[in-house]
Amino acid sequence: MTRSYFATTARGLEEIAARELESLGAGDIRPVFTGVHFTGDTALLYRVNLWSRILFRVLVPVVEVACRDAEELHREIRRLDWEEYITPEQTFAVHCTGTNRHLNHTRYTALTVKNAIVDRQRDRDGERSFVDTESPDLLINVHIEGDRGLVSFDSSGGSLHRRGYHVAMGTAPLKESLAAAMLELSGWTDDLPLLDPFCGSGTIPIEAALKALHIAPGLARSEFGFQKWNDFQPDLWESLVKEAKESQKDSLNSIIHASDADETTLQQAIDNAYFSGVENFIRFQREEIDRLEPPGDRGIILCNPPYGKRLGDVSELGALYKTFGDVLKQRFKGWTAYILSGNKELTKQIGLRSSRRVPLFNGSIPCTLLKYELY
């Protein structure tokens, strides 16, 4: 049966997420602000959770209710057939987004929804479900817009960007989904060497290895939200997992290179690569930027250097950017560099003219992915 879904994603990644969904077989794709509407069957729902590198969560819309105020919201939620989705022995949690004039506090709205559900359960069974915010059997999302509320179930459970390999976290780690989006925007394939000279905790090279080896990111997760649902189809899920494992590659055409000037940070990247199972496909090296050398006569540089928002000091980073620009100009002819920057003034110190600029967000920080063709 085909039904509608809504996937959430980071601001600025909506079109990339839409292309990813298309490649996975989704239909009726419609990107909107921080999300994408699409349709598909249950197999697609499972497949998107298993394979998506860009999305945060996949929501399954269930019903739209009137909610001009808390009293009406409680009444409408209480009327729903919750026994179809959850028993008193199961746990749940409620997450709310959006507001209106009378429902202007998301926590209060979530509490109203929770109370309505347990009130119905008590009336019918004399028992109630308990709330589990860490690992609920059913994660309910309610989005308020105007006087209507859309009730959805979160099929992912936890955000899909958490791959599980970040056992060692740097001071300002890049989200896995943003690193994957940067790889898509760069057009990199393992036919070319990839170099990240500011690798930090290793997110970009690890995501590159996972992509090039065709490893489904969801294979590293212990559980998805839909696996706890009453209508979960374990045979279908197992067939998709088996298919994903069989499609994995065991070699790359080119080595992925990653370096960082800080030895402790580099060790974190090595540890993360080990826990992700791709340590043999990434060549890690401690290297100062002024000593950086190209590992080939052409390739892709993809990096997220510090830009003074959370790491380093802007006044001290200017020299780093100037040195990096000099190294690119003098030693990397034939390469293409993609640099994520959240500071326009620092970017100017590179001393190169960009051929493409893509606005992105690193968390709440507005950034630009700059493309430099090095001749």
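Student: What does arginine 120 form with glutamate 83, and how far apart are the closest N and O atoms?
Tutor: Arginine 120 forms a salt bridge with glutamate 83, and the closest N and O atoms are 2.8 Å apart. Before going on, a caution: this is a predicted model, in which local features need pLDDT of at least 70 and side-chain atom pairs count only at pLDDT 80 or more, while totals for chains, interfaces and linings use all residues. Residues are numbered from 1 along each chain as its sequence is written, and side-chain values use heavy atoms, with hydrogens and water left out.

Student: Why is the pair called a salt bridge?
Tutor: The term asks for a side-chain nitrogen of Lys or Arg within 4 Å of a carboxyl oxygen of Asp or Glu. Arginine 120 and glutamate 83 have their closest N and O atoms 2.8 Å apart, so the pair qualifies. By this rule the count comes to 21 salt bridges.

Student: What makes the pairing of arginine 120 and glutamate 83 a tie between parts apart in sequence?
Tutor: Arginine 120 lies in helix H4 (residues 106-125), and glutamate 83 in the loop between helix H3 (70-79) and strand E5 (92-97), so the pair ties together parts that are 37 residues apart in sequence. Helices (H or I, at least four residues) and strands (E, at least two) are DSSP runs, numbered from the N terminus. There is also a network of salt bridges linking Asp81, Glu83, Arg120 and Arg124.

Student: How do you know whether arginine 120 and glutamate 83 are buried, partly exposed or exposed?
Tutor: Buried means under 20% relative accessible area, exposed over 50%, and partly exposed in between (1.4 Å probe, protein chains only). Arginine 120 has 14%, so it is buried; glutamate 83 has 32%, so it is partly exposed.

Student: What about aspartate 190 and lysine 249?
Tutor: They also form a salt bridge, with the closest N and O atoms 3.7 Å apart. Aspartate 190 sits in the loop between helix H5 (176-186) and strand E8 (194-196), and lysine 249 in the loop between helix H7 (234-246) and E9, so the two tie together parts 59 residues apart in sequence. Aspartate 190 is buried at 8%, whereas lysine 249 is partly exposed at 38%.

Student: Why do the buried residues of H8 count as lining one face?
Tutor: The buried residues are Leu266, Gln268, Ala269, Asn272, Ala273 and Ser276. Seen down the axis of H8, they fall within an arc of 155 degrees, so they line one face of the helix. That arc is taken from the directions from the helix axis to the C-beta atoms. On the face turned away from the buried side are the exposed residues Glu263, Thr264, Tyr274 and Phe275.

Student: How do you know that the span of H8 is close to the expected one?
Tutor: The expected span is 1.5 Å times one less than the number of residues. H8 (residues 263-276) has 14 residues and reaches 20 Å from its first C-alpha to its last, close to the 20 Å expected.

Student: Which elements do the buried residues of H8 pack against?
Tutor: They pack against helix H6 (203-212), strand E9 (256-260) and strand E10 (282-286). Histidine 257 lies in strand E9 and is buried, at 11%. Leaving aside neighbours within four places in sequence, histidine 257 is in contact (heavy atoms within 4.5 Å) with Pro193, Leu194, Leu195, Asp196, Arg283 and Pro295.
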